[in-house]
Amino acid sequence: MNARERIARRAAGYFSDGDVINLGIGIPSLCSDYAPPGVMFHTENGLVGMGPLVEGVLAVEGFSNATALRFAPVPGASAFDSAESFALVRSGKLAATVLGGLQVAENGDLANWAQPGRIFGMGGAMDLVSGARKVIVTMELCTKDGKPKVVNTCSYPLTGQRCVDHIVTEQCVIDVTPDGLVLAELLDGLTPQDIQRQVEPTLIVLAPPKLMPA
Amino acid sequence: MNKFALPEEIIALFHDGQTLMCGGFANHGVPNRLIDCVIASGARHLTLISNDSGDADLTIGRLIHHGLVDKLIASHIGRNTETVALVAEAKIELELVPQGSLAERMRCGGSGLGGVLTRTGLGTLVDKDKPHMVVNGEEWLLETPLRADIGLVRARTADPLGNLTYRGTMRNFNPLVAKAARLTLVDADRLVDVDELALDSIVTPGVYVDKILVRQGELR
């Protein structure tokens, strides 16, 4: 299992039977492979009950996800317009949203939609993080050039204020709490100091953190 | 009286400077035959309200490619490299709106409402210059209604009165567009007789629809 799959499997550990979940693109989209039975997936272009991606005769324009990939709906799926799609998000019917992150701040602020010179639009991300009952950010702990993504204050434009609940990375799980960032789970072989060196805010360390499944 | 209209009648409706609202999401559920009509009309300096602008020179993106759009109101443009470049060069004015707020602004415009209060976007770039209100002790952002001169709608089926059904995720913003435009045009995959649609399956009542595009020789 590679790092991306490990992150996705751990994030799916937050899902329960009966939950309706929205998955973002990238690592979050892998979570469906590890979801428990009875979870249904929401796609913001207007459907609950998104099933596996399909090709060939089953791949039709009428069933496509937010990145235009075609899927088969599961039995019990329902379709609706975009206003209904976000009504269910804002009203707390969405158990969780899993999305990628560019930066997460100590207070739970999330920046994930724009970087300097790259403003493509927030799509549904701002609605999802302000409405979902649980906001799970899946990302690598640092950028490709080794800079921290868990920061004191986000420097990129915000997606939402104080919205993140859990940060799931390839090395650890960090919970956002009113007291600060708690190092909740740690990959076998790493120490809390290893993680602390890669993040800006001071982590609260449970003694000892739980083992993150490898 | 049926609402069927031939392409030449539809093409004559588009003029410079109009605001168009268009259904569709990431190239799916887009009223492509109506987009052909906009291009054929030669209308320019348009304001386009749509979730996204498709891909470069595909679906809604064809309006961008042909240089017809001066202003775009959308939630996402990242799929369309031409839009991204034109916005960067300030050749297109862009207003980004969170997707759920965009849907609600269209719903308000099509429902005779003066706006909607939402928490989406509080404390972000999108709450700049918008009124904040405190209701029952909670802070909200006021999002105002969106309307358009002409709405472009993709439907699965249409009857002669304009009753519409949709298919899966091709529905997306289309029923909202149908309500929020002063003149609503429909590109339907199938035309059926009056009373052929089960009335409980109708999503957009015909009262919202003005004209349905048909080809010469198609059901009239």
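User: Which sense do β6(B) and β8 of chain B pair in, and over how many bridges?
Analyst: Antiparallel, over three bridges. Strand β8 covers residues 138-143 of chain B. This is a predicted model, by the way.

User: What is the bridge partner of B:L117 in β8(B)?
Analyst: B:L142.

User: What's the strand order in that open sheet of chain B?
Analyst: β6-β8-β7, with antiparallel pairing. β6 (116-118) and β7 (132-135) of chain B are the edge strands, each pairing on one side only.

User: And how many degrees does the twist average?
Analyst: 45 degrees from one strand to the next.

User: Switching to the interface. How many residues of chain B are in contact with chain A?
Analyst: 40 residues of chain B, against 36 residues of chain A.

User: What area do the two chains bury between them?
Analyst: About 2900 Å², with 60% of it on carbon and sulfur atoms. On the chain B side, B:H28, B:Q99 and B:T169 lose the most area to chain A. Together they account for 21% of what that side buries.

User: How many salt bridges between chain B and chain A?
Analyst: Two. B:R154 forms a salt bridge with A:E61, where the closest N and O atoms are 3.2 Å apart.

User: Which helix of chain B gives the most to the side that touches chain A?
Analyst: α5(B), with six residues. Both α5 (99-109) and α6 (174-180) of chain B supply at least two residues there.

User: How do the residues on that side of chain B divide?
Analyst: 16 nonpolar, 17 polar and seven charged.

Note on methods
Residues numbered from 1 in each chain as written. Chains lettered and ligands numbered in written order. Predicted model: local features only at pLDDT ≥ 70, side-chain atom pairs only at ≥ 80, totals over all residues. Heavy atoms only, no water. Pairing = 2+ DSSP bridges. Helix = DSSP H or I, 4+ residues; strand = E, 2+ residues; numbered from the N terminus. Axes fitted to C-alpha atoms, helices over the stretch in contact; angles between N-to-C directions. Contact = heavy atoms within 4.5 Å. Buried area = accessible area lost by both parts, 1.4 Å probe. Salt bridge = Lys/Arg side-chain N within 4 Å of Asp/Glu carboxyl O. Nonpolar A, V, L, I, M, F, W, Y, C, P; charged D, E, K, R; others polar.
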